[in-house]
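This briefing concerns the protein shown below, which is a predicted model. The points that follow are grouped by topic.

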Amino acid sequence: IFVVGGMGFVSERQAKEKAKVQMQLISKALEEYKLDFGTYPPTGNPTKGEGTSQILFKFLYWDSDNDNQGVGADPDQKIYLPELDPATSKQGWTSGNPGSGTKIMDPWGTEYRYRSAVNASGAANSNTQNPDFDLWSCGKDLDTNPGTPSDKKNRDDIKNF
């Protein structure tokens, strides 16, 4: 019984550490993107089917100008996070068909959440906790309520804020 319980603890700890490393890599890619464009990718509108990890994938890996042609269609395209390649990633980072609709997944199989300090229309996003962007994983319970930091759903979230 102790061995099984210990294995569960080790697996959970490994998942948390993997999420932290992935978030550091995404954050670094976002910083590189900002150096090139002067701003972070804007947050989309989830009610219109624009998932936040899809936005990250689109700006950090997929060439949004060539959605019908695929990655590599533009020789000048910069890939900010090569680990997101759905064809070669062995980390299980992505889900969905290769393209701008691909999602970036955390170790528990849910999308990473992203919220920029500026929304798609260029207005300030008052929901962000950080002055630049918020990035988080829902954690093991697969649930989050980022609008209410004290909510018990956030206890196992892994976040940069």
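The protein contains 2 helices and 5 strands. Read from the N terminus, the order of these elements is α-α-β-β-β-β-β. As the model is predicted, every value below is computed from its atoms.

**Overall burial and contacts**
- Of the 161 residues in the protein, 39% are buried.

**The largest nonpolar core**
- This core comprises 24 residues, and those with the most contacts inside it are Ile26, Leu30, Leu56, Leu60, Leu84 and Ile104.
- At least two core residues come from each of helix H1 (2-37), helix H2 (52-60) and strand E4 (133-137).
- H1 provides the largest share of the core, with 7 residues.
- Leaving aside residues up to four places away in sequence, Leu30 touches Tyr40, Pro41, Leu56, Leu60, Tyr114 and Phe133.

**Helix H2**
- H2 is mostly covered, as 7 of its 9 residues are buried.
- The buried residues of H2 are Thr52, Ser53, Gln54, Ile55, Leu56, Phe57 and Leu60.

**Lysine 34**
- Lys34 is located in helix H1.
- Lys34 is classed as partly exposed because its relative accessible area of 33% falls between the cut-offs of 20% for buried and 50% for exposed.
- Beyond residues up to four places away in sequence, Lys34 touches Thr39 and Tyr40.

Key
Residues numbered from 1 in each chain as written. Predicted model: local features only at pLDDT ≥ 70, side-chain atom pairs only at ≥ 80, totals over all residues. Heavy atoms only, no water. Core = buried A, V, L, I, M, F, W, Y, C linked by side-chain atoms within 4.5 Å. Buried < 20%, exposed > 50% of the residue type's maximum accessible area, 1.4 Å probe, protein only. Helix = DSSP H or I, 4+ residues; strand = E, 2+ residues; numbered from the N terminus. Contact = heavy atoms within 4.5 Å.
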